[in-house]
Amino acid sequence: MTPIFKSDTDDDELELDFELDYQLSLSVEERFRMMFQRSREIAEMLIRNGHRKPFEIIKRS
């Protein structure tokens with residue numbers, strides 16, 4: 001479960017410290033798992049909203 005940052009003031013530095021502390025509490029494997037999961041979610045969201053895989057340049061001989 002991901003902790004949620006709550007603050008009465010709009011303090012970017014405090015929010016960054018919170019995020020860094022959370023990321024440092026995770027293992028390398030957990031961080032990579034989160035990164036790959038988020039990448040899949042973004043790719044699915046792009047496809048759902050009409051963005052497909054970009055065209056590729058194919059070298060022909």
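Tutor: Let's start with a term: helices are DSSP runs of H or I with at least four residues, strands are E runs of at least two, and the numbering goes from the N terminus. This is a predicted model, where local features need pLDDT of at least 70, side-chain atom pairs count only at pLDDT 80 or more, and totals for chains, interfaces and linings use all residues. Residues are numbered from 1 along each chain as its sequence is written, and side-chain values use heavy atoms, leaving out hydrogens and water.

Student: How do you know that the span of α2 agrees with what it should be?

Tutor: The expected span is 1.5 Å times one less than the number of residues. Helix α2 has 21 residues and should span 30 Å; its end C-alpha atoms are 30 Å apart, so the two agree.

Student: What makes Arg-33 and Glu-29 a salt bridge?

Tutor: You need a side-chain nitrogen of Lys or Arg within 4 Å of a carboxyl oxygen of Asp or Glu. For Arg-33 and Glu-29, the closest N and O atoms are 3.0 Å apart, and they form a salt bridge. Both sit in helix α2, four residues apart, which is about one turn. Arg-33 has 48% relative accessibility, so it is partly exposed, whereas Glu-29 reaches 55% and is exposed.

Student: How many salt bridges does a search of the whole structure find?

Tutor: The search finds two. Glu-41 forms one with Arg-38, where the closest N and O atoms are 3.1 Å apart.

Student: Why are Glu-41 and Arg-38 about one helical turn apart?

Tutor: They are three residues apart in helix α2, so about one turn separates them. An α-helix has 3.6 residues a turn, so residues three or four places apart point the same way. On accessibility, Glu-41 is at 32% and Arg-38 is at 43%, so each counts as partly exposed.

Student: Which charge gathers in the patch with Glu-15?

Tutor: Negative charge: Asp-10, Asp-11, Asp-12, Glu-13, Glu-15, Asp-17, Glu-19 and Asp-21 gather there on the surface. Asp and Glu count as negative, Lys and Arg as positive, and His and the chain ends are not counted. Each charge is placed at NZ of Lys, CZ of Arg, CG of Asp or CD of Glu.

Student: Where is Glu-15 found?

Tutor: Glu-15 is in helix α1 (residues 12-25), and its 41% makes it partly exposed.

Methods: Patches are made of residues with over 30% relative accessible area and no salt bridge: like charges are joined within 9 Å, nonpolar side chains (Val, Leu, Ile, Met, Phe, Trp, Tyr) within 5 Å. Accessible areas come from the Shrake-Rupley method with a 1.4 Å probe; for residues, only the protein chains shown count as cover. Buried means under 20% relative accessible area, exposed over 50%, partly exposed in between (1.4 Å probe, protein chains only).
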